[in-house]
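Hi everyone, thanks for coming. I'd like to walk you through one structure today, so let me put it up on the screen.

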Amino acid sequence: MRIAIVTGASSGMGSEFVREIVKVHREIDEVWALARHRDKLLELVKKYGIKVRPMPVDLTDEKDINFLKQTLAAENPSVSLLVNSAGLGIIGNIAEVPIEDTLSMIDLNIRALTEVTVSVLPFMKRGGRIVNLASSAAFMPQTGFGVYAASKSYVLSFSRALGMELRPRGISVTSVCPGPVKTAFFNTAEKHRKSPAWKERFMADPRAVVHLAMKDAYNRRELSVYSPSMKAGAVLMKILPHSFLLNVMQAFKTIW
Ligand SMILES: NC(=O)c1ccc[n+]([C@@H]2O[C@H](COP(=O)([O-])OP(=O)(O)OC[C@H]3O[C@@H](n4cnc5c(N)ncnc54)[C@H](OP(=O)(O)O)[C@@H]3O)[C@@H](O)[C@H]2O)c1
C-alpha cells in the first residue's frame, strides 16, 4: 500500500494537495488526510472518493500524535509523500500577541511538523518525497509577524538540513515558500490585527501554488517559490542586509 500523508488537509493548500494527489498521482493508493475538523475531511471523501482516508487529529495534542504513530506501526504503509501543510500565523507585535497564541504557532508550525516528520520517516522508502510548507516569511525576520516568520525560518532550515541528511536514502525535501495565498489562513491571522493592505494585491491562488509545489517536489527541487514577484523578493532578501530591510519595513508600517 503506497500512501500520501497530508496534514492541514481540511482547508486551503492542504485540501488542494489532497485534490492534486488524487487527480494526478494515481500511483498513490490512499491519502491520509489529517486535520481537526472531521466534517471538512468527510467533505474531501465525498469530493474525491474513498482513496481519501479522513484522520481527525489535533497535531498539538500528544494523544493524537500517538494515534498517528500507532496507526503507522499497525499498518506499516509505504509513505511515498508527506505534505506538512498544517500551520498557523497570528499577526501582531511580539509583546502584544497573547502568549497562548504565540505558543500555538510554535507548537503547530515547529513542534508538530518536526514530530510528524520524524514519526513518518521510518515508513518512507527510497524515492519518497517530503513537502514542507514554509513561507516567504522564512527568508528574513518580519516585524508584526515575528514569531510566525521565525517559525517558518525554522521550517526552511530544518527542511534543508533534513534534505541533505536524507539524500543517501533517496528521499527529497521541498520547502514551499509562497507569499500571501488566498485561504482561510487570514481568518486566524487577523484575529488581533489586520494584514497590511498591500498583501491583498499579491494574493496567490492556492491551487496554482500547490500545482507548482508538486511539480517542484516531483523534480526534487529544494525550494518552491510561486510568482515572479516573490522570486524577486527572495533574491532581494538574500542580497540586501536584513537590518536595512527591517528599517524599510518599519518605515512602511507608519504609512499603512
Ligand atoms: N495562506 C498564506 O498566505 C500562506 C502563505 C505562506 C505559507 N503558508 C503556510 O501554508 C500552510 C497552509 O496554510 P493555508 O493557507 O492553507 O491555511 P489554512 O487554510 O488556514 O489551513 C491550515 C490547516 O491547518 C490545520 N490545522 C490548524 N491547526 C491544527 C492542529 N492543531 N492540528 C491539525 N491541523 C491543524 C487546519 O485544519 P483544522 O482547523 O481542521 O485543524 C487547516 O486544514 C501553513 O503552514 C501556512 O503557514 C500560508
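Let's begin with N219, which is partly exposed, at a relative accessible area of 47%. Please keep in mind throughout that this is a predicted model. You'll find N219 in the loop that links α8 (206-218) and β7 (223-224). Its C-alpha atom is 9.4 Å from that of S172, although 47 residues separate N219 and S172 along the chain.

Now, for contrast, look at T7. Is T7 buried or exposed? T7 counts as buried, because its relative accessibility is 1%, where the cut-off for buried is under 20%. T7 belongs to strand β1. Setting aside neighbours within four places in sequence, T7 contacts G14, L34, L59, V83, N84, S85, A86 and V116.

Keep L59 from that list in mind as we turn to the core. The largest nonpolar core has 51 residues, and I5, L59 and I130 are the ones that touch the most other members. Which elements give two or more residues to this core? They are β1 (2-7), β2 (30-35), α3 (62-75), β4 (78-84), α4 (99-120), α5, α6 and α9 (228-239). The biggest contribution comes from α5, with eight residues. There is also a second, separate core; it has 29 residues, including A33, Y48, V131 and V181. As general background, nonpolar side chains in soluble globular proteins tend to be buried together.

Let me zoom in on I130 for a moment. Not counting residues up to four places away in sequence, I130 touches L82, N84, T117, L121, M124, L162, L166, I171, S172, V173 and T174.

On to the ligand. How many residues surround the ligand? There are 30, and the closest are S11, R36, H37, Y148 and T183. By class, that shell holds 16 nonpolar, 11 polar and three charged residues.

A polar side-chain atom of T183 sits 2.5 Å from an oxygen atom of the ligand, and a polar side-chain atom of H37 is 2.6 Å from a ligand oxygen atom. L59 comes back here too: one of its polar backbone atoms lies 2.8 Å from a nitrogen atom of the ligand. On its own the ligand would expose 880 Å², and the protein buries 94% of that. The elements giving two or more residues to the shell are α1 (12-24), α5 (146-166) and α6 (185-189).

Key:
Residues are numbered from 1 along each chain as its sequence is written. This is a predicted model: local features need pLDDT of at least 70, side-chain atom pairs count only at pLDDT 80 or more; totals for chains, interfaces and linings use all residues. Side-chain values use heavy atoms; hydrogens and water are left out. A residue is near a molecule or strand if one of its heavy atoms lies within 4 Å of it. A polar contact is a pair of N or O atoms within 3.5 Å; within protein, one must be able to donate a hydrogen and the other to accept it, and residues adjacent in sequence count only if both atoms are side-chain atoms. Accessible areas come from the Shrake-Rupley method with a 1.4 Å probe; for residues, only the protein chains shown count as cover. Helices (H or I, at least four residues) and strands (E, at least two) are DSSP runs, numbered from the N terminus. Ala, Val, Leu, Ile, Met, Phe, Trp, Tyr, Cys and Pro count as nonpolar, Asp, Glu, Lys and Arg as charged, and the others, Gly among them, as polar. A nonpolar core is a set of buried Ala, Val, Leu, Ile, Met, Phe, Trp, Tyr and Cys residues joined through side-chain atoms within 4.5 Å. Buried means under 20% relative accessible area, exposed over 50%, partly exposed in between (1.4 Å probe, protein chains only). Contact means heavy atoms within 4.5 Å.
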